[in-house]
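Reader: I would like to learn how to read helix packing and chain contacts. Please take me through an example.

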Amino acid sequence: MSRHQILAFVVMTVVVLALRSLPFVIFSKRKPSPLFLYLGRTVSAAAISMLVVYSISTVSGVGAFPVGVIELLSASAVVVILQYFWKNPLLSIVVGTAVYMLSVQGVWGKLLFF
Amino acid sequence: MQQSIVRRAFIASLPVLMGYLSMGAAWGILLTTQIPQAEPFFAGIVSATTISSSMQFAAVEMVKNAANYSLGMIAVFALLINVRYCAYGLPFIEEFKRYPWYLRWYLACALTDETYALQLQCPYPDAGRKKYLFCIAFFDQCYWITGSVIGATAGKHIHFDTTGIDFSMAALFIVILVDQCRDKANRIPALLGLVITAAVWGTFYLLLPGHVNKMLFPAMALIIFSLIAMRNKIEARL
């Protein structure tokens with residue numbers, strides 16, 4: 001791995017550990033402001049939605065934009081439905097990813113039309 | 001007595017054992033199939049120090065295309081993805097003050113979503129708490145490391161076509177989002193995030209194709225701005 005790649009992991013780790021210890025450093029004496037608490041409660045869900053859109057837009061195996069949209073949306077729908085009803089993260093991720101990989105590799109088509 | 005604390009902590013952590021072993025393995029496989037130079041040993045070190053599934057999954061994409069991301073951008077992404085950890089420490093601040101410094105720092109740095117949830121439900125009111133909290137954090141960390149090393153090793157030996165395996169990162173975020181939306185308070189922020197990011201993505205796609213990886217900054221800025229602007233409405237539902 002290149003130095004830049006290893007440094008990227010180091011930076012990421014340092015930020016995560018800093019965030020986890022931050023409350024013990026700054027809020028051990030004074031109370032956090034209401035705005036901070038409010039953002040702490042709400043930013044997370046918004047940031048995760050942002051990452052959903054972003055990560056879907058960067059998945060490989062798709063050509064330029066309109067190509068592959070159906071594969072992406074159907075695999076995402078599979079994940080949503082599985083997670084909503086079965087609440088088993090591993091099942092949702094593995095089945096959803098398998099559905100997506102099989103579609104972009106054209107396996108469905110081969111199975112149907114041989 | 002001592003042993004029963006350890007045992008109770010272990011039994012309480014069994015669901016996390018299943019979750020972390022398998023999720024860790026999924027991450028390990030993603031890491032070594034996407035970045036073939038990465039070794040299982042390296043996966044173990046990253047998992048031992050970071051212990052954050054959402055961050056580690058996102059990191060694979062960023063590190064794979066490292067040329068597109070400066071270290072500053074990676075730091076900001078890490079900040080946004082994990083900002084929720086800031087709030088996790090709050091209930092434990094007074095309690096951890098009484099603990100020796102090394103234990104305080106370890107517990108703070110090992111605080112993941114699952115560990116936090118288990119620690120909040122600690123059955124010991126006073127004596128035994130310290131040991132129980134430590135055991136939970138330590139067991140969970142071990143599961144995560146083990147899972148990712150197993151996955152990374154398996155990923156080294158996978159030779160079938162892995163095109164599309166990076167969808168697993170999107171799937172992980174979808175799973176987290178579905179679970180968060182079970183709590184009504186999270187629905188408006190989640191919807192805001194989806195709409196704003198899709199709009200920003202569309203704008204970049206039409207006007208600045210080739211810079212789509214830079215869209216997260218404006219998207220996040222707009223999201224925080226609109227969260228603050230809609231604070232009264234959203235807080236009414238908290």
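Reader: Is the crossing of H1(A) and H3(B) left-handed or right-handed?

Author: This is a predicted model, so keep that in mind throughout. The crossing of H1(A) and H3(B) is right-handed. Their axes come within 9 Å and cross at roughly 20°. Angles under 35 degrees count as roughly parallel, so H1(A) and H3(B) are roughly parallel to each other.

Reader: Which residues of H1(A) and H3(B) make the contact?

Author: H1(A) brings Phe9(A), Met12(A), Thr13(A) and Val16(A). H3(B) brings Val46(B), Thr49(B) and Thr50(B). Sorted by class, the contact of H1(A) with H3(B) has four nonpolar, three polar and no charged residues.

Reader: Which residues of H4(A) and H2(B) make the contact?

Author: On H4(A), they are Pro89(A), Leu90(A) and Ile93(A). On H2(B), they are Gly19(B), Ser22(B), Met23(B) and Ala26(B). The classes here are five nonpolar, two polar and no charged residues.

Reader: Now the whole interface. How many residues of chain A are in contact with chain B?

Author: In general, the size of an interface is often given as the accessible area lost when the parts come together. Here we use residue counts. In this model, 62 residues of chain A are in contact with 80 residues of chain B. Helices H1 (3–26), H2 (34–58), H3 (69–86) and H4 of chain A each supply at least two residues of the side that touches chain B.

Reader: Which helix gives the largest share of the side of chain A that touches chain B?

Author: H2(A) does, with 21 residues. By class, that side of chain A has 39 nonpolar, 21 polar and two charged residues.

Reader: Why is chain A described as more spread out than a compact globule?

Author: Start with the elements. Chain A has five helices and zero strands. Then compare its radius of gyration with the globule rule. The value for chain A is 20 Å, well over the 13 Å that the rule gives for 114 residues, so chain A is more spread out than a compact globule. The C-alpha trace of chain A spans about 70 × 40 × 25 Å along its principal axes.

Reader: How many helices and strands are there in chain B?

Author: Chain B has 14 helices and zero strands. Its C-alpha atoms fill a box of roughly 65 × 55 × 30 Å, taken along the principal axes. The domain assignment gives chain B domain 1 (2–156) and domain 2 (181–235). The C-alpha centres of these two domains lie 27 Å apart.

Reader: Are H4(B) and H5(B) roughly parallel or roughly antiparallel to each other?

Author: Check the angle again. The axes of H4 (residues 53–64) and H5 (residues 71–81) of chain B come within 10 Å and cross at roughly 155°. Angles over 145 degrees count as roughly antiparallel, so H4(B) and H5(B) are roughly antiparallel to each other. Their crossing is right-handed.

Reader: Which residues of H4(B) and H5(B) make the contact?

Author: H4(B) contributes Ser54(B), Met55(B), Ala58(B) and Met62(B). H5(B) contributes Ile74(B), Phe77(B), Ala78(B) and Ile81(B). These divide into seven nonpolar, one polar and no charged.

Note on methods:
Residues numbered from 1 in each chain as written. Chains lettered and ligands numbered in written order. Predicted model: local features only at pLDDT ≥ 70, side-chain atom pairs only at ≥ 80, totals over all residues. Contact = placed C-beta atoms within 7 Å. Helix = DSSP H or I, 4+ residues; strand = E, 2+ residues; numbered from the N terminus. Nonpolar A, V, L, I, M, F, W, Y, C, P; charged D, E, K, R; others polar. Domains from an automatic or database assignment. Rg over C-alpha atoms; globule rule 2.2 N^0.38 Å. Axes fitted to C-alpha atoms, helices over the stretch in contact; angles between N-to-C directions. Parallel < 35°, antiparallel > 145°, perpendicular 65-115°, else oblique. Left-handed = near helix turned anticlockwise from the far one by under 90°.
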